[in-house]
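Me: I have a model open and would like to talk through a few of its contacts with you. Could we take it one topic at a time?

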Amino acid sequence: MQFQQLQYFVAVAETRHFTRAADLVHVAQPSLSQQIKALERELGADLFLRARGNITLTDAGEALLPLARRILADADTARHEVQELAQLRSGRVRLGATPSLCTGLLPDVLRAFHDRYPGIRLLIEEGGSHDLVRELARGALDLALVVLPLPTPSPALTTVELLHEDLVVVSSPEAPAPGGGGSRRTVRVADLEGERLVMFRHGYDLRELTVAACRAEGFEPDFAVEGGEMDAVLGFVRAGLGVAVVPRMVAARSGPGLRVTPLARPGLERTIALAHRSDVAPPRAARELQRMLLER
């Protein structure tokens, strides 16, 4: 019994016509008929009752049909799984992330992914959550790390919470400690009133979060410098231009030249989520990166 014979048999059973079945499987009708006869000889039973203009299944044909469909379906699944695995030897993953996550969370995970799948190209796009959501919606990204809640909730996206991250205040060791100096080991958001802040550009989630927290304490933040990306903000703080509110992971990776002061409880935190389109399954390689991020 040959796999091809089962394909031809199912095609005839579904169309109840040899010529239409031959067109369906892209083979000449005489070849299809010969293969069906060979299958019948192999099984020792007729599979079709052939009357002019009327093809019906025999009892043997009725018994074989669900088995043949199952065999073909299993073969298709096997082919698909092997192809999916083969895709992990080459291809690409298009990942969007906020700049702070590119600095804090991603390096270790991407290194582990690259070590395991060196043939996969990693295309990283930095941006605020609003921009990344738009890029996901138009199909320009496979996955995105975004900050919840989303600026514009989208029912077309699926989000899975990844982590909750504390925010801290960074300052230059050469400058007075934020909040009036002294030996305090933490600082409150209210203590940032009167501090000169180094602030991110518009569209940064951290900018919106920090400004909202200051306003909730009844004051408008005072910007010494604004408009920078993460690396620029950290550099300006090292230079003593002001203080900044950044994620703890970024502060931990920032190297020497910064004083890190935690925020007193309840402090500030942000929720990081992994997002993808709801209507399109991410490619196999993107799903593998997603699994590694969730299991990190």
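**Salt bridges and a helix pair**

Reply: Arg50 has a relative accessible area of 40%, which makes it partly exposed, and please keep in mind that this is a predicted model.

Me: ok, and which residue does Arg50 form a salt bridge with?

Reply: Its partner is Glu40, and the closest N and O atoms of the two are 3.1 Å apart. The pair links distant parts of the chain, since Glu40 belongs to helix 3 and Arg50 to strand 1 (residues 48-51), ten residues apart.

Me: is Glu40 buried or exposed?

Reply: Glu40 counts as buried, because its relative accessibility is 7%, whereas Arg50 is partly exposed.

Me: what about Arg207, which residue does its side chain meet in a salt bridge?

Reply: The side chain of Arg207 meets that of Glu226, with an N to O distance of 2.7 Å. Here too distant parts of the chain are linked, with Arg207 in helix 8 (residues 205-216) and Glu226 in strand 8 (residues 222-228), 19 residues apart. Arg207 counts as buried at 6% relative accessibility, while Glu226, at 44%, counts as partly exposed.

Me: how many salt bridges does a search of the whole structure find?

Reply: The search finds 19 salt bridges. One of them brings together the side chains of Arg69 and Glu14, at 3.4 Å from N to O. Arg69 lies in helix 4 (residues 59-87) and Glu14 in helix 1 (residues 3-15), so this pair ties together parts that are 55 residues apart in sequence. Arg69 is partly exposed, with a relative accessible area of 39%, and Glu14 also counts as partly exposed, at 47% relative accessibility.

Me: switching to helix packing, at what angle do helix 2 and helix 3 pack?

Reply: Helix 2 (residues 18-25) packs against helix 3 (residues 29-43) at an angle of about 100°, and their axes are 9 Å apart. Because of that angle, helix 2 is roughly perpendicular to helix 3.

Me: and which residues meet there?

Reply: From helix 2, Phe18, Thr19, Ala21, Ala22 and Val25 take part, and they meet Gln29, Leu32, Ser33 and Ile36 of helix 3.

Me: how do the residues of that contact divide into nonpolar, polar and charged?

Reply: The contact of helix 2 with helix 3 comprises six nonpolar residues, three polar ones and no charged ones.

Terms used
Residues are numbered from 1 along each chain as its sequence is written. This is a predicted model: local features need pLDDT of at least 70, side-chain atom pairs count only at pLDDT 80 or more; totals for chains, interfaces and linings use all residues. Side-chain values use heavy atoms; hydrogens and water are left out. Axes are lines fitted to C-alpha atoms, for helices over the stretch in contact, and angles run from 0 to 180 degrees between N-to-C directions. Helices (H or I, at least four residues) and strands (E, at least two) are DSSP runs, numbered from the N terminus. Angles under 35 degrees count as roughly parallel, over 145 as roughly antiparallel, 65 to 115 as roughly perpendicular and the rest as oblique. Contact means heavy atoms within 4.5 Å. Ala, Val, Leu, Ile, Met, Phe, Trp, Tyr, Cys and Pro count as nonpolar, Asp, Glu, Lys and Arg as charged, and the others, Gly among them, as polar. A salt bridge is a side-chain nitrogen of Lys or Arg within 4 Å of a carboxyl oxygen of Asp or Glu. Buried means under 20% relative accessible area, exposed over 50%, partly exposed in between (1.4 Å probe, protein chains only).
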